[in-house]
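Please keep the coordinates at hand while reading.

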Amino acid sequence: MLVDNTYDKKISNFDTIFFLVTYIPWVFAWMISSSNLKDYLHPYAIINLYSAFGFVLVIISFFSKKKIEASFFTRAIPCLIIGAIVSYGNDNASFVLIVLVFLYLARNVDLDLIVRITMVLQIVSMILTIGSAIIGIIPNDLLAQYYDGEIRLRHTLGYTYTTYAPNYLFTIVIEAIYLSKKQKRFNWILLLLSGCFNIFIYKYTDTRMGFYMVWLALMGYCVLYLTNKSQNYTKLRKYITISIYPVATVLSFLFALKYNPNNALMYRLNTIMSQRIRFTHEGLEQWGVTLFGTSVKWNIDATTYNYVDNSYVNIGICYGVIILLFIVLGLMNTMRKSYKERDRYLTFVLALWAIKAIIDPQLFLLWFNPFLIVVGKEWFRVLKKEPEIVVDNLCV
């Protein structure tokens with residue numbers, strides 16, 4: 001059956017509009033959920049609605065098309081079924097299915113647009129949260145923590161924990177760096193504003209890792225701009241780029257499993273990383289890693305703290321081996337393609353996320369990391385010679 005030549009463009013427009021209309025309320029609700037504004041705006045009503053009916057979005061997307069890709073049956077459906085199994089009865093993984101749904105829905109949507117919109121929402125949520133905390137509308141809690149022989153006084157800046165503000169700042173900075181790839185001039189405003197806000201947030205939250213990661217991102221931006229685009233791409237650089245996610249995953253598990261406080265080097269490294277290796281080791285010992293994850297009760301109280309900050313191990317424990325492989329292999333293939341296409345800015349921000357995922361748990365969280373969308377584009381993309389099923393009367 002003949003199909004109108006304008007069909008692909010119409011479907012692309014529908015995919016973009018449908019994705020954004022459904023994505024924006026959900027992702028903004030999750031941003032609010034990490035702040036004390038949640039007590040006023042009640043974002044969990046939206047979050048729970050999406051968790052319950054997220055699969056309906058896939059059905060709507062399915063029936064909007066005349067041409068159904070074979071990958072829908074061979075890759076999307078099996079992946080979503082696994083996501084449903086992981087999410088069912090797992091308090092820490094209830095959003096896994098809906099994240100996979102959005103990864104599928106975004107397969108034909110421009111990544112730059114998703115990153116830009118997510119960044120704007122993050123900025124708005126930060127302004128609302130920090131501004132409300134400063135003028136006293138919501139609490140700006142002060143936490144006293146004993147660390148490495150000293151007492152640390154840390155403000156939350158309106159968030160439910162001290163690390164959220166610096167983590168959002170980091171994501172905004174690298175999103176701005178990524179979106180600056182087409183600019184011909186060096187963005188001094190980006191550099192100066194990011195530096196000032198980084199100092200401000202560090203002064204109040206005393207979150208060292210987030211502070212250093214922002215400076216690393218800004219230094220990388222300077223190198224990207226100053227480095228000639230025609231530079232030679234060596235084999236060593238290629239192997240490092242492609243292998244950074246699987247290597248980071250293996251090292252994360254290896255260090256956690258081999259952790260020994262009596263080893264001087266391991267003890268020092270654990271201290272530098274604010275006890276992250278020890279907690280990761282204890283998490284693996286207590287819960288282990290399964291195919292579909294384990295429902296874990298995290299404690300963030302100083303006396304009973306047991307949170308696993310390492311994204312790779314956290315995903316393995318809570319969401320299971322299958323989801324971990326889905327994410328790591330998808331990111332590895334994306335890094336391979338970005339290197340091949342010499343997309344230096346995407347390669348850079350994904351490399352930063354590979355490093356950050358070792359010390360923070362936001363790799364799988366779309367409201368922190370919109371670049372996770374590339375995993376959906378990698379797994380659910382339509383192959384050039386992939387067969388299609390053409391049906392009548394399905395286009396809405």
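V250 has its place in helix α10, where helices are DSSP runs of H or I with at least four residues, numbered from the N terminus. The model is a predicted one, in which local features need pLDDT of at least 70 and side-chain atom pairs count only at pLDDT 80 or more, while totals for chains, interfaces and linings use all residues. Residues are numbered from 1 along each chain as its sequence is written, and side-chain values use heavy atoms, with hydrogens and water left out.

With a relative accessibility of 54%, V250 counts as exposed; exposed means over 50% relative accessible area, buried under 20%, and partly exposed in between, with a 1.4 Å probe and protein chains only. V250 belongs to a nonpolar surface patch that also includes V247, L251, L254 and F255, with about 410 Å² of accessible area together. Patch residues have over 30% relative accessible area and no salt bridge; like charges are joined within 9 Å, and nonpolar side chains within 5 Å. A salt bridge here is a side-chain nitrogen of Lys or Arg within 4 Å of a carboxyl oxygen of Asp or Glu.

K340 is located in helix α14 and, at 69% relative accessibility, counts as exposed.

The aromatic contacts come next. A pair of aromatic rings is described by the distance of the centres and the angle of the planes. The structure holds 33 aromatic pairs, counted where ring centres of Phe, Tyr and Trp (its six-membered ring) lie within 6.5 Å; planes under 30 degrees apart are stacked, over 60 edge-to-face, and the rest tilted. W30 and W367 form a stacked pair, at 4.3 Å centre to centre and 5 degrees between the planes. Because W30 lies in helix α1 (residues 7-33) and W367 in the loop between α15 (344-359) and α16 (373-380), this pair ties together parts that are 337 residues apart in sequence. W30 is buried at 12% relative accessibility, and W367 is buried at 4%.

Y178 and F371 form an edge-to-face pair, with 5.2 Å centre to centre and 85 degrees between the planes. Y178 lies in helix α7 (residues 164-179) and F371 in the loop between α15 and α16, so the pair ties together parts that are 193 residues apart in sequence. Y178 is buried at 2% relative accessibility, as is F371 at 1%.

Finally, ring pairs link W30 and W367 into a cluster whose members include F19, Y23, W26, Y44 and F364.

Conventions:
Helices (H or I, at least four residues) and strands (E, at least two) are DSSP runs, numbered from the N terminus. Accessible areas come from the Shrake-Rupley method with a 1.4 Å probe; for residues, only the protein chains shown count as cover.
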